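Dear colleague,

I am handing over the structure below, and after it you will find some notes on what turned up. Please read them with the model open.

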Amino acid sequence: MPTTLRLGLVYAALYVGSAASTPFMPVWLSEKGLTGAQVGLVLSLPMLFQILTSPALALWADRFRLRRTPIAWLAAGTCLTYLALAGLDGLPALALVWLLAASLYLALPPLIDVIALSRAQAEGFNYGLPRGMGSAAYIGAAIATGALVTAVSVDVALAWMIFAAGLTAVCARLLLPADPAPGPAAAGRSEGGGWEGLKTLVRDPVFLLAVGSAGLIQSAHAFYYAFSALAWKAQGLPENLTGLLWGVGVAVEVAFLWFGARVQRRLGPRNLLIIGGVAGVLRWSLLALSPPLWVLVPLQALHALTYSAVFLASIQLAARLSGPQTASAAQLVNAALQGGILSGLATLASGPLFDAVGAHGYLAMTGMAAAGLVGAVGLYRVRRLQD
């Protein structure tokens, strides 16, 4: 089986689960009786702790003989903790178990990315091809989950997440290439590996500016991820349309990943980051006005820029500013800033914002995207990143 197909199937298994969790976990938590502020708190905790959990998991993952082994274990742990959620009620229990489940899940994409990026470079294929397969699977899963949630109940979303996490564990073990990890010896050396390598990354102002700017633009999705389903429901849109709207966003993401390789290479990561920042300012400003459905569709198409362009820029910048021994740590620190502390704070703030002003809370996300855009422009002064 070609490497691109094997990687694509692993990404597909991973992202059919997030197609249920990202749009519908806020609804599931709301059905459990949590307020908007409490939903925001629960969703933000794994992101806030990711600044600690991601580096720790990176060092743990590098101590295995093969890179795929910790991925399989993390996916299995995610499956079990999702299963534990099913029987819980009350804010403390839900918050604690979601913290564990999401912390395990959040480590999966960057660890898979390390393998995919390495294989793409070695074998000469477009990284966007397998990654886009995951996004394509997300589209179908988002539409199907939305329809099932509408027809049955929001509990279907959690059942879907449990199945997808288990499938990811199996696919990781059977389909991921047997690429070697640095191993315990390399992880413990001071020449660029382990804690010393991690310290080098977090002390590098260029690395922090690059991933921090990308993190601000990406974290501006926080209000959308946490409350778009509830905001659209308040507008009178049913859950099946929520799934379709999310599907539109991911459809353009797939097109960008599959067919935009030439444009991506020509623009380079810094230009991609700036374009994503500009698109974010536009997208969140207009969503704050609760536009009608015919406007929502083209706004969702901007996801190719606000998410995909920024995501590709960030992983390329992180790879360029790190070495072989710090590849996993660089991608996990990058993810920790994007989906972690910055997204966590934004999600935490989004709950009270939604309770207070509804969809107007998107304007705070406009400010975050604008701040990331300023940082992205600053990267043009960095000689190390000359394209």
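In which helix do Glu123 and Arg119 both lie, and how many residues apart are they? Both belong to helix H5, which covers residues 108-123, and they are 4 residues apart, about one turn of the helix. Helices here are DSSP runs of H or I with at least four residues, numbered from the N terminus.

Before going further, please note that this is a predicted model, in which local features need pLDDT of at least 70 and side-chain atom pairs count only at pLDDT 80 or more, while totals for chains, interfaces and linings use all residues. Residues are numbered from 1 along each chain as its sequence is written, and side-chain values use heavy atoms, with hydrogens and water left out.

**Salt bridges**

A search of the whole structure finds 4 salt bridges, a salt bridge being a side-chain nitrogen of Lys or Arg within 4 Å of a carboxyl oxygen of Asp or Glu. Glu123 and Arg119 form one of them, with their closest N and O atoms 2.8 Å apart. Arg119 also meets Asp179 in a salt bridge, at 2.6 Å from N to O. Because Asp179 lies in the loop between helix H7 (155-175) and helix H8 (183-188), whereas Arg119 is in helix H5, this pair ties together parts that are 60 residues apart in sequence. Asp179 is buried, with a relative accessible area of 11%, while Glu123, at 40%, counts as partly exposed; buried means under 20% relative accessible area, exposed over 50%, and partly exposed in between, with a 1.4 Å probe and protein chains only.

Elsewhere, Lys32 forms a salt bridge with Asp89, the closest N and O atoms being 3.2 Å apart. Lys32 lies in the loop between H1 and helix H2 (36-61), and Asp89 in the loop between helix H3 (68-85) and helix H4 (91-106), so the pair ties together parts that are 57 residues apart in sequence. Lys32 is partly exposed at 25% relative accessibility, whereas Asp89 is exposed at 54%.

**A buried serine**

Ser228 lies in helix H11, residues 222-234, and counts as buried at 0% relative accessibility. Leaving aside neighbours within four places in sequence, Ser228 is in contact (heavy atoms within 4.5 Å) with Phe223, Trp246 and Tyr362. The side chain of Ser228 also reaches the backbone oxygen of Tyr224 at 2.7 Å.

Key
Helix = DSSP H or I, 4+ residues; strand = E, 2+ residues; numbered from the N terminus. Polar contact = N/O pair within 3.5 Å; in protein donor to acceptor, adjacent residues only side chain to side chain.
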